[in-house]
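Welcome! Take a moment with the sequence and the structure below.

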Amino acid sequence: MERLSHSQEDYLEEIYIQVLESGFAKVTEIAKSLNVKKASVTAALIQLTNKGFINYSPYSLVTLTSDGEKQAKKILKKHKTLNEFFSEILNLNDASQIACKVEHLLSDKNLEKISKFIKNYKDIKKN
């Protein structure tokens, strides 16, 4: 599977979130959520379409391909795991913003280690 830039990962994650909520994503809503111009969204959508992650044509709704959904799930899982670590364990106020920056740098192997740490931490905290 082709590697995505950090920006493309952010777009794919946002599309996935909107697809989960509505069954599709819209250029206007993506732009609003990511605080970018619609022209920037359109350029990113064309790139993601060319890489086979989304279905998009001008003035239409955006949906994910099966590869796009798999990739988006991985990205969102990283974000949620890191957000949980930064907010619930480290008690950082800006956990979500930090998670968004770090998710692009973290390997799957290291994500698994953090997930195990969180689970162990919660198990110890329960007892």
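Does Ile54 count as buried or exposed, and at what relative accessibility? Ile54 counts as buried, because its relative accessibility is 3%; buried means under 20% relative accessible area, exposed over 50% and partly exposed in between, with a 1.4 Å probe and protein chains only.

A word on the ground rules. This is a predicted model, where local features need pLDDT of at least 70, side-chain atom pairs count only at pLDDT 80 or more, and totals for chains, interfaces and linings use all residues. Residues are numbered from 1 along each chain as its sequence is written, and side-chain values use heavy atoms, leaving out hydrogens and water.

**Around Ile54**

Ile54 sits in strand β1 (residues 54-55). Helices (H or I, at least four residues) and strands (E, at least two) are DSSP runs, numbered from the N terminus. Not counting residues up to four places away in sequence, Ile54 touches several residues, including Leu12, Ile15, Leu45 and Val62; contact means heavy atoms within 4.5 Å.

Leu12, Ile15, Leu45 and Ile54 touch the most other members of the largest nonpolar core, which has 22 residues. Such a core is a set of buried Ala, Val, Leu, Ile, Met, Phe, Trp, Tyr and Cys residues joined through side-chain atoms within 4.5 Å. Two or more residues each come from α1, α2 (27-34), α3 and α4 (66-89), and α1 gives the largest share, five residues. Apart from this core lies another one of 10 residues, among them Phe86, Ile89, Ala95 and Leu111.

**Two crossing helices**

The axes of α1 (residues 6-22) and α3 (residues 38-50) come within 10 Å and cross at roughly 90 degrees. Axes are lines fitted to C-alpha atoms, for helices over the stretch in contact, and angles run from 0 to 180 degrees between N-to-C directions. Among the residues making the contact are Tyr11 and Ile15 of α1 and Ala44 and Leu48 of α3.

**An aromatic cluster**

Ring pairs link Phe85, Phe86, Phe117 and Tyr121 into a cluster. Rings of Phe, Tyr and Trp (its six-membered ring) pair if their centres lie within 6.5 Å; planes under 30 degrees apart count as stacked, over 60 as edge-to-face and the rest as tilted. Phe117 and Tyr121 are stacked, at 6.3 Å centre to centre and 20 degrees between the planes. Both lie in helix α6 (residues 108-126), four residues apart.

| Residue | Relative accessible area | Class |
|---|---|---|
| Phe117 | 43% | partly exposed |
| Tyr121 | 31% | partly exposed |
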